[in-house]
Each structure stands twice: as C-alpha cells, then as structure tokens.
Amino acid sequence: MQTALADFIRSTPAGREADAILRSCVHCGFCLPACPTYQLLGDELDSPRGRIYLMKQLLEGEPVTARTQLHLDRCLTCRACESACPSGVRYGRLLDIGRALLEERVPRSTPARVQRYLLRRIVPYRQRVRALLGVATALRPLLPRALRARVPSSATPAVPFLALRPPLWPEPRHARRVVLLEGCVQPALAAGINPAAAQVLDRIGIATVRVAGGGCCGALSHHLSVHTESLAQVRRNVDALWPHVAAGAEAVVFAASACAAMVCDYGRLLKDDPAYAARAERISALACDISQLLAANAGALHAALSDAAPITAPDTRAPLRVAFQAPCTLQHALRARGVVEPLLAAAGFTLTEVADGGRCCGSAGTYSLLQPELSARLLRAKVAALEAAAPELIATANIGCLAHLRSGTALPVYHWIELLAARLARG
C-alpha cells in the first residue's frame, strides 16, 4: 500500500510504525471472512481492510468524522484478521495508533465520555468491582432484563458431580517458582480461578507466588486509548513483579488470557523508557497463559492426573462432555490455539465439537458494554455453537468471556483450570 503520511505524524515514532504497517498490507481481503463485524454487518468499512483505509486517510491528514470513529469503535480487537493475514499486517497495533489519534480529533458526546470514564474508574479496581457487584446482585430482580442478564445471580449453577469448592492457596513448597498476577476483575467475579491455578501448579511441582502491589494489567485503559493511564499501570506492575523475577521466578503466569496478552506487550510499550525498558522486556519474555506453562510441563501433569479418579456424568458414568470456548486473546494474540484442548482431554473430559471456534464471543473487554447490540448478536451465535453438541458444561480461558457466556446460557460456565483442579482433587 502506497502512503503519504501528513507532517503532523510522519516523523514521530508512532507515524513511522504506522507507515510500515500500512505498507505491509496488500489489499488481498483474506481478513474479511475472519472478521466478526464484517460477517455481521457486511460493510467493508467494518472489516480490517476497510478500517485500514480509514486509518490511512486519518494519518494522511484527510478529514475524519464521528462516522470514522464509529467504524473503529465497532472493531472487537479480536485480531482474528492477524491470524488470517498472509502478509503479517500488525492490525492491532495500527488500530491502537488510529484510535488514539481519533480521540484527539473527534470529540465524543458527554454521555460517551462519562461512560468511558466510569469504566476506567471502576473496572480496574477490585474492591470497587466487588462493591458494585454486591449492589447490582441485591437489586438484580428489579433491573431491566437486558441488564439483569449481565449481573450474576447469587447462586452459581450447581454441578454437584464436580464438587467444586473454592480452593485454598497452597503454601509455596517447591524449588521451582512462578509468579502470578491476580488481576482486577477475576478475583471479584470468580474468586476460585487463581487458587485453582496455584493448586494445579503445586501438584506438578511448581510453587506459585502471589504478587503484592500489582493490579489491573492496563489493558482496559490501553484499549480505551488512555495510554498515559495505561502506562502508569504497566509501570506499577513491573515494579511489583520485578523482585520476584530477579529472585529467580521462571515465569509470570496468568489464568486470564487477556492479561497474559497485555503483559506480553510490556516490553514494546516501555521500550523507550530507560528506567523500565530492560525490566519490562524481561517480564514480557517470561509472561504466559497458564495453559502454555502446563503444556510445557505436560509429562508432570499427566503423572499427577494418573493418580486422580476421572470425573464422569452422574447418569451415564461417561466422561463429562465439555464445550471449550477459546478466547480471541488465547488464539490470536498469544497464538496458543489448540493448547487447552489436549490438557482437558488428558484430564478425562470429552471435548465436544464447536463450529467456527475461531469466532469471537462478543465480550472483548468493555465491548459488551460499549457495543451491546453487536456483542449480543455475537454471543447468541457463540452460545448456539457451543450448545449444539449437547455438552454438560462450557469451559473458557478468560474471565471476560466467562462472565459474558454466563449471561447467555443456562449451562454452567467455568474456567478450564477449575476443571483440572477438580480432577486433581480426586487424587
């Protein structure tokens, strides 16, 4: 693609990076069938190729409007287009640059600014999420149906044969150590996930160290184009993680694939900060999703599973049927497609077929709140695909997807690591 960037951006680091990304696009259109919004709306401006043209116009100094912003807002940032692109176009990074410029050039309405401000002031803070969730749960019967579906009921769907109880954090007792950043929303919405991850790692001989002083990975503010705020959260996490990395932790582990994807990008985000660049690069190199660490230690996991009784359906005594929803961050950002399924199969679960497994569920961070109509359409399609082969429960690998899926199905939805922890607890 030929480019002629405007003077205001051409010589900046962001401009040089954007120019290189634009020039790598060859207009082939392979991204179109991979794009969820293009499949829903059929408008090329709601496809990666169309949005690239819009961002090219912006970067070349042509007029942009709220309509331009709408097409970029509608992007899920699922990055399925990156997996489909034969030219390796770094669309997600170009979108970060384009959205940030549009925030400066196209003013949002007051309600939109307030909504985004409240999301940034509440979601990244665990105690605030818990407080808001408590109020919303108490008022749930009084809420409109669309909003009520987003608020978890006080009772999680019972799966008595799983015998899932909130696991305890195991005391570090192994020479091998990893550090786990707990995140912000996950401990508030599903408090058992992180301890379950620690329990599984403990059973294969790896101690999990909890981080004091960490918090939100910075993804929410980053994707809302408040980059100064996001970088402050990134630096805080680097400060919190570094003592453990310096002391010999072999990995920085996450039980939320979106957080893992964000932390893997810390090195790039802080590459121009001399006080943080080296530490951030090292932390990014060690960052991984829990599935990637377990896959690298599959032998030890299989040995631990061999000592545990399988979990079976109570009526048929057949292996429990599980539909796995692979989050976009796991598939496209971390490029870890197909990693979780063998781990669940090794634990004795039967994986059901899920059509179009690469398609986004519509959660996408704050997308379900900012673009509720499109998000709901994607959720209905995803739930239909997951339920088609009659599973007994649904598993996923990211807290946002988990909460979103629970709002659209009567089936129990769990993080897959909780299923592994439940199986190992039978040993």
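Cysteine 75 is buried, at 7% relative accessibility; buried means under 20% relative accessible area, exposed over 50%, and partly exposed in between, with a 1.4 Å probe and protein chains only. Its sulfur is 6.5 Å from the closest cysteine sulfur, that of cysteine 78, which is too far for a bond. This is a predicted model, in which local features need pLDDT of at least 70, side-chain atom pairs count only at pLDDT 80 or more, and totals for chains, interfaces and linings use all residues. Residues are numbered from 1 along each chain as its sequence is written, and side-chain values use heavy atoms, with hydrogens and water left out.

**Cysteines**

- The disulfide count is zero, where a disulfide is a pair of cysteine sulfur atoms within 2.5 Å.
- Cysteine 78 is in no disulfide; its nearest cysteine sulfur belongs to cysteine 328, 4.8 Å away.
- Cysteine 78 is buried, with a relative accessible area of 11%.

**Cavities**

- Rolling a probe the size of a water molecule over the atoms shows where empty space is left.
- The whole structure holds two cavities of 30 Å³ or more.
- On a 1 Å grid over the protein atoms alone, a cavity is a set of points where a 1.4 Å probe fits but cannot get out; lining residues have an atom within 4 Å of a point.
- Grid points are joined across faces, edges and corners, and a volume is the space filled by probe spheres set on the points.
- The largest cavity has a volume of about 140 Å³.
- Its lining has 18 residues, with Cys25, Cys31, Ile52, Cys85 and Val89 nearest the centre.
- Helix H4 and helix H6 (80-84) are the elements that give two or more residues to this lining.
- H4 gives the largest share of the lining of the largest cavity, three residues.
- By class, the lining of the largest cavity has 12 nonpolar, four polar and two charged residues. Ala, Val, Leu, Ile, Met, Phe, Trp, Tyr, Cys and Pro count as nonpolar, Asp, Glu, Lys and Arg as charged, and the others, Gly among them, as polar.
- The second largest cavity has about 60 Å³ of space.
- H3 and H4 are the elements that give two or more residues to the lining of the second largest cavity.
- That lining divides into eight nonpolar, two polar and two charged residues.

**Second largest pocket**

- The second largest pocket has a volume of about 480 Å³. A pocket is an open set with protein on both sides within 12 Å along at least five of seven lines.
- Its lining has 18 residues, with Ala14, Arg93, Ile97, His227 and Arg268 nearest the centre.
- Helix H2 (13-24), helix H7 (91-105), helix H14 (227-246) and helix H16 (266-269) are the elements that give two or more residues to this lining. Helices (H or I, at least four residues) and strands (E, at least two) are DSSP runs, numbered from the N terminus.
- H7 gives the largest share of the pocket lining, six residues.
- The pocket lining holds eight nonpolar, three polar and seven charged residues.

**Rings and charges**

- Arginine 128 lies over the face of tyrosine 125, 4.0 Å from the ring centre. A charge sits over a ring if NZ of Lys or CZ of Arg is within 6 Å of the ring centre and within 35 degrees of the ring normal.
- The charged end of arginine 279 sits over the ring of tyrosine 276, at 4.6 Å from its centre.

**Loop residues**

- Aspartate 46 lies in the loop between helix H3 (36-41) and helix H4 (48-59), and is buried at 0% relative accessibility.
- Proline 327 lies in the loop between strand S5 (321-325) and helix H20 (328-333), and is buried, with a relative accessible area of 1%.
- Proline 327 and arginine 359 are 32 residues apart along the chain, and their C-alpha atoms are separated by 8.8 Å.

**Positive phi**

- Most residues other than glycine have a negative phi.
- Threonine 77, not a glycine, has a positive phi of about 60°. Threonine 77 lies in the loop between helix H5 (66-73) and H6.
- Alanine 364, not a glycine, has a positive phi of about 50°. Alanine 364 lies in the loop between strand S6 (350-351) and helix H22 (367-370), and is partly exposed at 31% relative accessibility.
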